[in-house]
Each structure stands twice: as C-alpha cells, then as structure tokens.
Amino acid sequence: HNVQDGASAGKTLPERVKIVEVGPRDGLQNEKTVVPSEVKIHLIDMLSEAGLSVIEATSFVSPKWVPQMADQVEVMMGIHRRPGVSYPVLTPNLKGFLAAVNAGAAEVAIFGAASELFSKKNINCSVDESLQRFEVVTKAAKEAGVPVRGYVSCVLGCPYEGKVSPDKVAQVAKRLYSMGCYEISLGDTIGVGTPGGMTEMLQAVSREVPVNALAVHCHDTYGQALANILIALQMGISVVDSSVAGLGGCPYAQGASGNVATEDVVYMLHGLGIQTGVDLPKLMDAGAFICCSLNKKTSSKVAQATCKL
Amino acid sequence: SWVKIVEVGPRDGLQNEKTLVPTEVKIHLIDMLSEAGLPVIEATSFVSPEWVPQMADQVEVMKGINRRPGVSYPVLTPNLKGFQAAVKAGAAEVAIFGAASELFSKKNINCSVDESLQRFEEVTKAAKEAGVRVRGYVSCVLGCPYEGQVSPDKVAQVAKRLYSMGCYEISLGDTIGVGTPGGMAELLEAVSREVPVDALAVHCHDTYGQALANILIALQMGISVVDSSVAGLGGCPYAQGASGNVATEDVVYMLHGLGIQTGVDLPKLMDAGAFICRSLNRKTSSKVAQATCKL
C-alpha cells in the first residue's frame, strides 16, 4: 500500500457518518474515579441533547469485576430516552443479557477478540469459546427482538501477541456477523495501528462482512486515531466510535490516552462536510461537565483549544 | 518511498515556550536531534533579541552545534540585516516567513503581505549571490486568527511569489491548526498549480487534533516534506494553553507504520524529546512518547 500514489486522496467520502458514543460505558469504565449514578445519568442526557444517535449507556457485567458499572440498573431506569436514539449496553453472557432486557435495554453489545492471548487474559477463555458463549446471547436476542452489535478487539495489534493477522480479524468479524450482529465494530485496542495497517485490515474484513455493517473504534494512544479514521472513511466506513472528552485511558500503557475524543472526530467530520447530527457546542458542554465531575482535564484538543480563546 | 522531516523544535518550538532555555541546552538538543537522523534542523532565528528573547543566543548556538555531515541547519532571517548576521555566524541556509492573510501580516510584522515580500526579495537576492539556500514559509494557509477563512488562491499567489524569488521549497503552515483534510486537499490543489508539488512542504499545527489527518492527506497528494517539532514543543500563541506544533515522534510513528522511510531513529528522537522536556520542566505533547515511556 503506497499512500503517496495519489489514488486515495480523491476518494468520495460518505455524506453522513453515524457516531457511536462510548464515553458513558467504555470511557467511564476505564477511569479510576467511580462516578455517582446521577452524574452518569446527567452525562447521558446531555449527550442525547447534543444529537448523538447511539450512546453506550452501561454494562451488564458483574459489579465485582467492574465496580464503575455496578449501578447499571439505576442508570438504565434513570436516563431520559430521546426518541430515535439508541442506548446499547454490554452483555458478556446470557445472564447479563437477561438482566439488561429486564432493566429496559433495547440493544446490546458483545465483545470478541482477534487475539487468543488477549481473550484468555481478558475473559479467561479462547476466542472460539467466547463466540460460542455469544451465540447463546444472539439467539436469545433474536427471539426477544433485540439488535446486537459485535465488537472485535485488538484488530491492529495485541498487547500480548503483538502483530494480529487481518485474516483472523476477518474470521472473528464474520462469525459475529453470521450469528446475527447487525454491525461489527473493529477496535484498535492499544492504538498502535497506522493507516496502512488499517487499510489492509479493512480490505480483509470487508471481503467477509459488507462495509456498511462495519465500524471503526480507534484508540488515540499513539496519536494515530484521526488519521486511521480518515483512511477508514476513504474505504467506505461510515460508523465511527468515539468517547466524549476522550474519556477512558489505556489500561495497557499507564497514563497514556485511550479512546479518541468525540469532539475531535466531529470537528474533522464537519470540516470535511460530513453530517453527523451532532451539535458540537452542546457536545463540548457534556465533555466539560464530565471532566468537572471526574476532576480531570479533557483529552479533546478541540475542547482545549476552544475554551482558552 | 521517502519523506523528509524538517525539525523545527529548536526554533519554532522553543520560541513558543515560555521558559527561557540556556544556550548549552539548545546546543545539546540540536546535537541529539542530529544524532537521531533528522536531515533538517531549524537551529535558531536572527530576529532582534528584543522581540524574541529566546533566540538572543543565536550566534553562540550556531557556533556551538556539532554539524553532522549531510544535515542542514537553517535559520530564520526576517530581513537583510538578519541575513547578513546569519551568514556571518556560519549559516548555510535561511528561511523567510510570509503570510496568506493581510491582517496577520500587519499584526505580526507590521506591514502588508506585499511589503513583506519586497523585503524578502532583498534577502533572496543576497542569498543567491552568497550561494545560500532559502526556504519560504506561508502562514495561515488554512485559516487566520484575525481574518477567519483564507482563500486557497491567495495562498497560491504568495507561495508562487516566494518560489519565483528563489526559495527552493515552500512550507505551507496551518498556523492555528484549524484545517481539516478537505481544506488541505483544496489548498494543495490550488498551490500545486503554481508551485511544483515536490517543492512544497506542510507545517501542520495540532491545536484541534487534526495534524496527522492533514499530513496523511497531504502525503496522498504527493507531498513528501513534513515539518514537525520534537515533543510537540511550541504551544499556540492564539489559544492559550492549547497545543501547537505536531510532535515529530507521532509523525515518524505514522510514517514508519506506513512503510515510508525518514532516516529517523525513533528511540533516539524520543531521547531528545525527553531531554528537552526535562530541561523545560514540562510534559511531552507527543502521544507516542506518553504511551511508550509508561509501558
């Protein structure tokens, strides 16, 4: 892949991009400070007001493992659901799925990995075993009429295995898609990917899953996120995951950043003439609010630039 | 494929840092950057020390650095007087700074764009006679803190003037970092109609986090020279506390990941970044540096 060959620059970009806001779940889950339920609820409500159409609300994992998400039920019951907005929740297994539906969830998410070692270390089973577990969830979800979003971790590199084969990613994505996930989000979990690797990976995956069912979930740990997102857009991707204020550091590189900031993604997309439905000033308000509550500085460059002018 | 990195940390970077840095530290930084394989390192600026105290030790720095063979150490020269002082101090390459915005030119150097270009023509004439290469910079190519939007055609004209008067390369600067890839593509299309693309460079600021995406699209359009600053030194003077220059480490990481050669040794570059950050008592603005040293 020769980036300087001029072929990519003229590619048509999507007119519209759907942003999947993962701050309240993925973001907060990776923040050290445990945040009160009212704050979580208010954050989600502010994000709804800002025009985001998908907001990952909470996670139905055991509170023992993830104390930050212990108030999963209160959050689901407390948020103000805006019409047309989806509030997916994580469900690692059937038990979590049933609890989620019981608490009012209308969409769920399941997390696979493209690396065997990562799967073992993270959820203590092989990739295959995890997929079997997920099939139990997708079956139940189908019966209940609940859409399921699939995630694949470590698509551009693994903290344990190092390099990850694009074909492995494609296979895991294909399994998730075949078992009923309507969308597969491809996550550069440790943010090591660069645009060449992103291209190669998307080429492999889009041979198995239609490109309009794919999303990218880029981490900004090495500052590569927006460049990786740009190249994904050039390849036809039109769904991008991000986290308000860049919430959620990287658990594998202490002190380093993790999720890409929604404000920075929206700034780029709007600058490119791509519609998102997001009101950037209102989004920045939500970011300012949660940073105040967490007593931390925003990781969004747009937010840093704007509030100082 | 190959990209030439123009390292502006010691000049553009340090000039925009509040802390005044001792001469020995500047010299050591430049020497470390030479060791890291950078082919061009902007060493200092021959402006009046009244205006830019950080660059008051311009002559000592030029005399003190260890010049690595094959590496260029350009210096800024705002006018003929500065040029002559630079050559006297041993400079073999100089840089001149124009702007694509009238208001910015007036506020920054107290004259119109045209007047500044006339002033620069004196420098390029003298440089030609002295056999000294001149690099031209255009500021505000994707937006101006005073005028707002900037026309790509205006940028193209200023670039063309600088190129015609003898600059071997024109660096296009997104001074306040507001640009996004669509604007960058549009800009480069306009400018490359007037100046050959292999004589163009991009100087992206990361104030809004857009720098690497803008650099990527520039690469896709045939640009092969990129300016950056070790550790992302140099904040934005127009948005207090916000970031400015893009970090060389992050640019190199992306280029190497793309299979593009730069000649840069990333670990040695990070050492230089760590050194200057310690001296400035500040955290690095490079994400690669933040990620790596914590693992």
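Predicted model: local features only at pLDDT ≥ 70, side-chain atom pairs only at ≥ 80, totals over all residues.

Student: What makes α9(A) largely enclosed by the rest of the structure?

Tutor: The term buried requires under 20% relative accessible area. In α9(A), 10 of the 10 residues are buried, so the helix is largely enclosed by the rest of the structure. Among them are A225(A), N228(A), I231(A) and Q234(A). An α-helix has 3.6 residues a turn, so residues three or four places apart point the same way.

Student: Why is A103(A) called buried?

Tutor: The cut-off for buried is under 20% relative accessible area. A103(A) has 6% relative accessibility, and therefore counts as buried. A103(A) sits in the loop between α4 (94-102) and β5 of chain A.

Student: Which residues are in contact with A103(A), leaving aside its neighbours within four places in sequence?

Tutor: Contact requires heavy atoms within 4.5 Å. With those neighbours set aside, A103(A) is in contact with F60(A), V73(A), M76(A), M77(A) and R81(A).

Student: What makes β8(A) largely enclosed?

Tutor: Five of the five residues of β8(A) are buried, so this strand is largely enclosed by the rest of the structure. Both of its faces are covered: L214(A), V216(A) and C218(A) are buried on one side, and A215(A) and H217(A) on the other. The chain reaches β8(A) from β7(A) by way of helix α8 (residues 195-206) of chain A, in a right-handed β-α-β crossover.

Student: How do you know that β8(A) pairs with β7(A) and with β9(A)?

Tutor: Two strands pair if at least two bridges are found between them. Strand β7 (residues 183-188) and β8(A) have five bridges, in the parallel sense. Within this pairing, I184(A) has L214(A) as its bridge partner, and D188(A) has C218(A). Strand β8 (residues 214-218) and β9(A) have two bridges, also in the parallel sense. Here V216(A) stands opposite V240(A), and H217(A) stands opposite D241(A).

Student: What does β9(A) pair with through V20(A), and over how many bridges?

Tutor: Strand β1 (residues 18-21) of chain A pairs with β9(A) in the parallel sense over four bridges, against the two that the definition requires. V20(A) has D241(A) as its bridge partner. As for the directions of the side chains, V239(A) and D241(A) point one way from β9(A), whereas V240(A) and S242(A) point the other way, and all four are buried.

Student: Why is the unit of β8(A), α9(A) and β9(A) called right-handed?

Tutor: The term applies if, with the strands pointing away from the viewer, the path from the first strand over the helix to the second runs clockwise. β8(A), helix α9 (residues 225-234) and β9(A) make a right-handed β-α-β unit.

Student: Which strands of the sheet are called edge strands?

Tutor: The open sheet has nine strands in the order β2-β1-β9-β8-β7-β6-β5-β4-β3, with parallel pairing. Its edge strands are β2 (54-55) and β3 (58-59) of chain A, since each pairs on one side only.

Student: Where does helix α6 of chain A lie?

Tutor: α6 (residues 127-144) lies across β5 (108-113) and β6 (148-153) of chain A, and runs at about 165° to β5(A).

Student: How many helices and strands does chain A have, and what makes it as compact as a globular protein of its length?

Tutor: Chain A has 12 helices and nine strands. Its radius of gyration is 18 Å, close to the 19 Å that the globule rule gives for 309 residues, so chain A is as compact as a globular protein of that length. Of the 309 residues, 59% count as buried. Among contacts with a separation of 6 or more, 76% come from residues 24 or more positions apart. The accessible surface comes to about 12000 Å², with 52% belonging to carbon and sulfur atoms.

Notes. Residues numbered from 1 in each chain as written. Chains lettered and ligands numbered in written order. Heavy atoms only, no water. Buried < 20%, exposed > 50% of the residue type's maximum accessible area, 1.4 Å probe, protein only. Axes fitted to C-alpha atoms, helices over the stretch in contact; angles between N-to-C directions. Rg over C-alpha atoms; globule rule 2.2 N^0.38 Å. Areas by Shrake-Rupley, 256 points an atom, 1.4 Å probe, with all protein chains shown as cover.
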